[in-house]
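Colleague: I'd like to learn how to read a model like this one. Could you walk me through it, one feature at a time?

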Amino acid sequence: MTFKNQLDRILEKILISLMCILVLDVLWQVISRYALASPSSFTDELAGFLLIWVGLLGAAYVAGQKQHLAIDLLLQKSSPANQKHLLRFINVCIALFAIGVMIIGGSWLVITRFQFNVNSAALQIPLGYIYLVLPLSGLITLYYSIVFIVEPSEELN
């Protein structure tokens, strides 16, 4: 089993777990609000944080599965030789985005949240932990991009 396959399986398990927790959190919010008439104070904030993690880790996972949203009209109209070059160029662009925005920008966001001791309102946890998913998903996306740059023929399947 390759490292990519192991990473895929780990991400799948993490995403399934986060989605289960998110569903239970929202379910508890609905029950506490309507059945108990005493809304829980932390569930709304926790749902937002879980949604951030599911969204960003899910985007990295989908990029690794080659199922991300794409307009591939140019790719379809190209010859097979040009498709490989175009796929490399696309993955280089994805890698540059992952490095610049997600890893560098996300790391700056995490560091500054920890430096300024910014905590969440209801849960009182440092927001740096919440935003840590941004550079983490950037690293995962970068890894997948490098795999597809090195082996562009796999992406044509």
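Modeller: Helices here are DSSP runs of at least four residues, numbered from the N terminus. Thr43, for instance, lies in helix H2. Keep in mind that this is a predicted model.

Colleague: Is Thr43 buried or exposed?

Modeller: Buried means under 20% relative accessible area. Thr43 has 1% relative accessibility, so it counts as buried. Setting aside residues up to four places away in sequence, Thr43 touches Asp25, Trp28 and Gln29.

Colleague: Now helix pairs. How do I describe two that pack together?

Modeller: Two packed helices are described by the angle between their axes and the distance between the axes. Take H2, residues 43-64, and H6, residues 133-150: their axes come within 8 Å and cross at roughly 5°. H2 and H6 are therefore roughly parallel to each other.

Colleague: Which residues of H2 and H6 meet?

Modeller: On the H2 side they include Ile52, Trp53, Leu56, Leu57 and Ala60. Among their partners in H6 are Val133, Leu136, Ser137, Ile140 and Tyr144. The residues of this contact divide into 13 nonpolar, three polar and no charged.

Colleague: What about Gly58, where does it lie?

Modeller: Gly58 is in helix H2 too. Its relative accessible area is 17%, so Gly58 is buried. From Gly58 to Ser137 the C-alpha distance is 8.6 Å, although the two are 79 residues apart in sequence. Leaving aside neighbours within four places in sequence, Gly58 is in contact with Leu15 and Trp53.

Colleague: How should I think about the nonpolar core?

Modeller: In soluble globular proteins, nonpolar side chains tend to be buried together. The largest nonpolar core in this model has 16 residues. Those with the most contacts inside it are Leu7, Leu11, Leu18, Leu57, Ile140 and Tyr144. Helix H1 (3-35), H2 and H6 each supply at least two residues of this core. The largest share, six residues, comes from H2.

Colleague: Pick one of those. What is Ile140 in contact with?

Modeller: Apart from its neighbours within four places in sequence, Ile140 is in contact with Leu7, Leu11, Leu57 and Ala60. Ile140 is also one of the buried residues of H6, along with others including Val133, Pro135, Gly138, Leu142 and Phe148.

Colleague: And which residues are buried in H1?

Modeller: An α-helix has 3.6 residues a turn, so residues three or four places apart point the same way. With that in mind, look at H1, where the buried residues include Lys4, Leu7, Leu11, Leu15, Leu18, Leu22, Asp25, Gln29 and Ser32. What covers the buried residues of H1 includes H2 and H6.

Colleague: How do I check the length of a helix?

Modeller: Compare the expected span with the distance between the end C-alpha atoms. At 1.5 Å a residue, the 33 residues of H1 should span 48 Å, and the end C-alpha atoms of H1 are 47 Å apart, which agrees.

Colleague: What happens just after H1?

Modeller: There, Ala37 takes a positive phi of about 55°. Ser32 itself is in helix H1 and, at 1% relative accessibility, counts as buried.

Colleague: How should I read a positive phi?

Modeller: Most residues other than glycine have a negative phi. Lys66 has a positive phi of about 60° although it is not a glycine. Lys66 is in the loop between H2 and helix H3 (73-77), and at 32% relative accessibility it counts as partly exposed. Asn117 has a positive phi as well, near 50°. Asn117 sits in the loop between H4 and helix H5 (127-131), and is exposed, with a relative accessible area of 62%.

Technical notes:
Residues are numbered from 1 along each chain as its sequence is written. This is a predicted model: local features need pLDDT of at least 70, side-chain atom pairs count only at pLDDT 80 or more; totals for chains, interfaces and linings use all residues. Side-chain values use heavy atoms; hydrogens and water are left out. Axes are lines fitted to C-alpha atoms, for helices over the stretch in contact, and angles run from 0 to 180 degrees between N-to-C directions. Angles under 35 degrees count as roughly parallel, over 145 as roughly antiparallel, 65 to 115 as roughly perpendicular and the rest as oblique. Contact means heavy atoms within 4.5 Å. Ala, Val, Leu, Ile, Met, Phe, Trp, Tyr, Cys and Pro count as nonpolar, Asp, Glu, Lys and Arg as charged, and the others, Gly among them, as polar. A nonpolar core is a set of buried Ala, Val, Leu, Ile, Met, Phe, Trp, Tyr and Cys residues joined through side-chain atoms within 4.5 Å. Buried means under 20% relative accessible area, exposed over 50%, partly exposed in between (1.4 Å probe, protein chains only). The expected span of a helix is 1.5 Å times one less than its number of residues.
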